[in-house]
Amino acid sequence: MNRVFKFRAWETTENKMYYQVRVGGVFDGEPTAPTTYIKGKGWVNLIGGDYTKVMEYTGLKDCNEKEIYEGDIDKYGYVVTYVADINESLGMNCGWYLQRNDFESWSPLECDSNEIEIIGNIFETPRLAKL
């Protein structure tokens, strides 16, 4: 399976989620803010910094064929999270996890994601998360 790298971004000043997002660009030798495509305007910069929260696509889809992104919430209130460092005390390797209560309860986000149902995300529907 070829992994597709996609991103979405939550713009906190507008309270709006953008799904067609590019990150990591450089213009005149300086890193650029995340950009999104807006019909009629083309690619525009999001504010960036603390005002924009960028989330990565996991490469998986839920039982309804909805793409699963970092920050999504499943029907049990677990949040999709990426662990970048090995955590030996919890027995976790680097990768995608479903977690709640600050990793009091967690499970790996498996490639067989057809049993997972995404019902929201931590920005648009934070009340659904059991953190």
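Tutor: Two strands pair if DSSP finds at least two bridges between them. Strands are DSSP runs of E, at least two residues, numbered from the N terminus. This is a predicted model, where local features need pLDDT of at least 70, side-chain atom pairs count only at pLDDT 80 or more, and totals for chains, interfaces and linings use all residues. Residues are numbered from 1 along each chain as its sequence is written, and side-chain values use heavy atoms, with hydrogens and water left out.

Student: How do you know that β1 and β2 pair?

Tutor: Four bridges join β1 (residues 7–11) to β2 (residues 16–22). The cut-off is at least two, so they count as paired. The two strands run antiparallel.

Student: What makes β6 and β8 edge strands?

Tutor: The open sheet has six strands, in the order β6-β5-β2-β1-β7-β8, with antiparallel pairing. β6 (42–45) and β8 (67–69) each have a single partner strand, so one side of each lacks a neighbour in the sheet.

Student: Why is threonine 125 called buried?

Tutor: Buried means under 20% relative accessible area (1.4 Å probe, protein chains only). Threonine 125 has 16%, so it is buried. Threonine 125 lies in the segment after β13 (118–121).

Student: What is threonine 125 in contact with, leaving aside neighbours within four places in sequence?

Tutor: Contact means heavy atoms within 4.5 Å. By that rule, threonine 125 is in contact with Ile73, Ile119 and Gly120.

Methods:
Buried < 20%, exposed > 50% of the residue type's maximum accessible area, 1.4 Å probe, protein only.
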